[in-house]
Amino acid sequence: MGRFVEGMRLKVPIVEPFPRVIYADKQYAIFPDISAYKHNNQSTLDETHLKVGVRALAKLHAISFAYFNRSSDSVKEFSEVLKVLVDHHFQPAATPDDKSQAKKLLEHQFESIVSVISDSKASAQVEQVKTLKNMLYNIYKEGRQSSSIFSVLCHGSPTVDNMVFLYNKENVPVDAKLVNFSEARIASSMTDFHTFINTAGDNTRDDFLLRFVYYETLVTVLKSLGLKNDIISYDDLKMEFAKKKLYAYIESSSILCSSAKPSSSKRALLFL
């Protein structure tokens with residue numbers, strides 16, 4: 001995707017929100033030096049960091065969407081890669097074994113969430129959360145299926161630990177890059193958006209971040225990459241945002257509960 005952006009010869013260059021691979025084979029991968037970008041050690045980001053992080057997500061999604069729709073690369077050349085990026089456990093063609101494996105893993109993760117909230121919530125609330133257990137597979141199928149109104153390359157786990165920031169002289173973040181794409185998948189862009197704001201900051205500002213940060217950045221990058229008529233409307237994106245909310249609450253809770261930071265585990269209680 002980096003070569004695709006470079007080949008567009010844009011008047012205003014787009015800073016890629018990921019370390020571009022310079023060389024890779026079966027044993028090694030060489031990346032550029034991004035040591036100027038630093039991890040933020042806070043488990044909860046302030047609004048300035050959140051905005052920069054959301055812009056990075058929007059750029060990743062826009063670049064991947066444009067690449068899949070406009071790249072001159074043959075689909076056959078990266079079809080095998082796309083197969084790896086699709087979570088086959090939750091696709092229409094999933095086998096009974098695929099579904100069984102997925103259900104076992106989801107139930108195990110869910111038990112960890114229930115264990116955490118059982119220490120802090122009233123028994124009636126805990127019992128209400130437990131009712132979600134039998135719906136887990138269908139909830140995750142909604143979140144992980146590759147087909148959606150706006151499917152892109154998602155990072156898969158856009159947390160504070162998987163993002164690095166570039167700071168100016170005043171120590172204000174001005175750019176961000178996503179690292180560790182081990183959970184990357186083709187899915188709805190809103191799964192990434194939800195997961196980031198839920199695990200990294202204050203999700204009470206989700207409307208503002210979605211419309212005035214994410215969507216505006218998305219449209220700007222898509223237009224600069226030559227897409228004019230295939231841009232999702234904000235109303236459609238907002239509907240997709242709502243559809244993925246329950247999946248994202250459970251996924252975000254699972255991520256936070258698995259964190260070694262006590263403060264992260266406590267924040268998981270906010271979603272269920």
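**View 1. The second largest pocket of this predicted model.** Its volume comes to about 530 Å³. A pocket here is an open set of points on a 1 Å grid over the protein atoms alone, where a 1.4 Å probe fits, with protein on both sides within 12 Å along at least five of seven lines; lining residues have an atom within 4 Å of a point. The volume is the space filled by probe spheres set on those points, joined across faces, edges and corners. Of the 27 lining residues, Gln109, Arg144, Glu183, Arg185 and Glu251 sit closest to the centre. As for helices (DSSP runs of H or I, at least four residues, numbered from the N terminus), α4 gives the most to the lining, with six residues.

**View 2. Arg144 and Glu251 form a salt bridge.** That's a Lys or Arg side-chain nitrogen within 4 Å of a carboxyl oxygen of Asp or Glu; here the closest N and O atoms are 3.5 Å apart. Arg144 belongs to helix α6 and Glu251 to helix α10, so the pair ties together parts 107 residues apart in sequence. Both residues are buried, meaning under 20% relative accessible area with a 1.4 Å probe, protein chains only (exposed is over 50%, partly exposed in between).

**View 3. Lys244 pairs with Glu240 in a salt bridge.** Their closest N and O atoms are 2.7 Å apart, and both residues are buried. Shared partners join Glu142, Glu240, Lys243 and Lys244 into one salt-bridge network.

**Notes.** Residues are numbered from 1 along each chain as its sequence is written, and side-chain values use heavy atoms, leaving out hydrogens and water. In this predicted model, local features need pLDDT of at least 70 and side-chain atom pairs count only at pLDDT 80 or more, while totals for chains, interfaces and linings use all residues.

How values were computed: Helix = DSSP H or I, 4+ residues; strand = E, 2+ residues; numbered from the N terminus.
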